[in-house]
Amino acid sequence: MEVDYLIVGQGIAGTMLSYYLLQQSNTVTIIDNYNPSSASNIASGVINPITGRRFVRTWMIETLMPFAVNAYRALEKELNISLIQQTNLLDFHSTPQMQLAFTNQLPTETEYLRVPENSLQWKKYFNYPFGVGETHPTWLVNLQLLIQTWRKKLSTQQLLIAEHFSIEALQIHPSYIQYQGIQAKAIIFCNGTQAVNLPYFQKLPFAPNKGEALILAIQQLPRQHIYKQGLSLVPWQSNLWWAGSSYEWSYEHANPTEIFRQKTLQQLQQWLQLPFEIKAHVAAERPATLERRPFIGMHPYFPQIGIFNGLGTKGCSLAPYFAKVFSEHLKYGQPLIPEVAIHRFHKILAP
Ligand SMILES: Cc1cc2nc3c(=O)[nH]c(=O)nc-3n(C[C@H](O)[C@H](O)[C@H](O)COP(=O)(O)OP(=O)(O)OC[C@H]3O[C@@H](n4cnc5c(N)ncnc54)[C@H](O)[C@@H]3O)c2cc1C
């Protein structure tokens, strides 16, 4: 079989890249062994324009957020499912310093930050001695539904190989690659944290980190907001709530831990005034990078091998825009911006 592109991995990166490559009339085959604990399958799916302790805008958000909203809306139509919902984020300040940082940022960030009306109305749900600020709009993407539905579509069109990809079976030729009976002009790795094991890319400055979350049943908590106090409470599937997350750079394994469960329970008991029940506990590694910027492009010395990775904590907003940009780069040769192009590492990628 001959295709234009062979893609490894169908998290949000592989999903969006295959979507745009197909839209541009390329032929594509995707290999993905389906991991229910991949980052995309356990992410809360929030797009938040504001970040950090100083309440500043996240990188390129003015471009990324509207693009992502339109892309998910287009996918909703194409797949006939509901994928994206506008929300706001209520940030119950955890310290007087956080309250002050928010207040200081308010006059500068008038587009996304505001003080919510009637800020005492949440007292029956939460304990918050230092007030509440609001980020608006935020967006909530159902990544899991997108990935499952896209997977079914790929499978129906016989574009999916539901297997583990094995690098030993990859043959690189000067102008094409071969993998178990498939010949493609290029292979593109969208395999998340597994990219650290690829001989072609393992020198890139990956900095994977681990995150955990509890899935909770909470009765009577209004579902049109995301709530935060260090920990985020995010509306999740089946009327449940997603409570997380941790950011660990040093860990022995990527599985859920008792330490996180106990710490989160303690935080919830102090903050949340409603009874709750734990339904599940999930964990995954985020494909993050040292510079907090994606790794995108074809290998400077093996032009038939590419990568779309390093989406870190922001896969929901980064994947749609940069998948489109990458697909256009492949089709028309339009340059990638230097912050994301793996060409910036051409020296360390030299064989
Ligand atoms: C706890 C947590 C919360 C998060 N919350 C958010 C959030 O609210 N908003 C946000 O924007 N981002 C969030 N993220 C980050 C987001 O999940 C990631 O940025 C994104 O999912 C990365 O997508 P990816 O497709 O690059 O990788 P992955 O989701 O890891 O996908 C990689 C895919 O490749 C497949 N694969 C790997 N190796 C092979 C192989 N050898 N053969 C076959 N298949 C293979 C895997 O099975 C998987 O399907 C969160 C992450 C975590 C861990």
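User: Is the crossing of H3 and H5 left-handed or right-handed?

Analyst: Note that this is a predicted model. The crossing of H3 and H5 is left-handed.

User: How do I describe such a pair beyond its hand?

Analyst: Two packed helices are described by the angle between their axes and the distance between the axes. For H3 and H5, the axes come within 11 Å. They cross at roughly 45 degrees. H3 and H5 are therefore oblique to each other.

User: Which residues of H3 and H5 meet?

Analyst: H3 brings Tyr 72, Leu 75, Glu 78 and Leu 79. From H5 come Leu 143, Leu 146, Thr 149, Trp 150 and Lys 153. Sorted by class, this contact has six nonpolar, one polar and two charged residues.

User: Now take H1 and H5. At roughly what angle do the axes cross?

Analyst: The axes of H1, residues 12–23, and H5, residues 143–156, cross at roughly 50 degrees. They come within 10 Å. H1 and H5 are therefore oblique to each other. The crossing of H1 past H5 is left-handed.

User: Which residues make the contact of H1 and H5?

Analyst: On H1, look at Ile 12, Thr 15, Met 16, Ser 18, Tyr 19 and Leu 22. On H5, look at Leu 143, Leu 146, Ile 147, Trp 150 and Leu 154. By class, the residues of this contact are nine nonpolar, two polar and no charged.

User: That leaves H1 and H3. How are their axes placed?

Analyst: The axes of H1 and H3, residues 61–79, come within 13 Å. They cross at roughly 75 degrees. An angle of 65 to 115 degrees counts as roughly perpendicular. H1 and H3 are therefore roughly perpendicular to each other. Ile 12, Met 16, Tyr 19 and Tyr 20 make the contact on the H1 side. The H3 side supplies Phe 67, Ala 71, Tyr 72, Ala 74, Leu 75 and Glu 78. The contact of H1 with H3 counts nine nonpolar, no polar and one charged residues.

User: Which helix gives the most to the lining of the second largest pocket, and what classes does the lining have?

Analyst: H6, residues 258–271, gives the most, with five residues. The lining has four nonpolar, seven polar and three charged residues.

User: Last topic: the backbone. Where is a cis peptide bond with omega near -5 degrees?

Analyst: Look at the bond from His 136 to Pro 137. Pro 137 is in strand S8, residues 132–141. Another cis peptide bond joins Gly 244 and Ser 245, with omega about 10 degrees. Ser 245 sits in the loop between strand S16 and H6.

Conventions
Residues are numbered from 1 along each chain as its sequence is written. This is a predicted model: local features need pLDDT of at least 70, side-chain atom pairs count only at pLDDT 80 or more; totals for chains, interfaces and linings use all residues. Side-chain values use heavy atoms; hydrogens and water are left out. Axes are lines fitted to C-alpha atoms, for helices over the stretch in contact, and angles run from 0 to 180 degrees between N-to-C directions. Helices (H or I, at least four residues) and strands (E, at least two) are DSSP runs, numbered from the N terminus. Angles under 35 degrees count as roughly parallel, over 145 as roughly antiparallel, 65 to 115 as roughly perpendicular and the rest as oblique. A crossing is left-handed if the near helix is turned anticlockwise from the far one by less than a right angle, and right-handed if clockwise. Contact means heavy atoms within 4.5 Å. Ala, Val, Leu, Ile, Met, Phe, Trp, Tyr, Cys and Pro count as nonpolar, Asp, Glu, Lys and Arg as charged, and the others, Gly among them, as polar.
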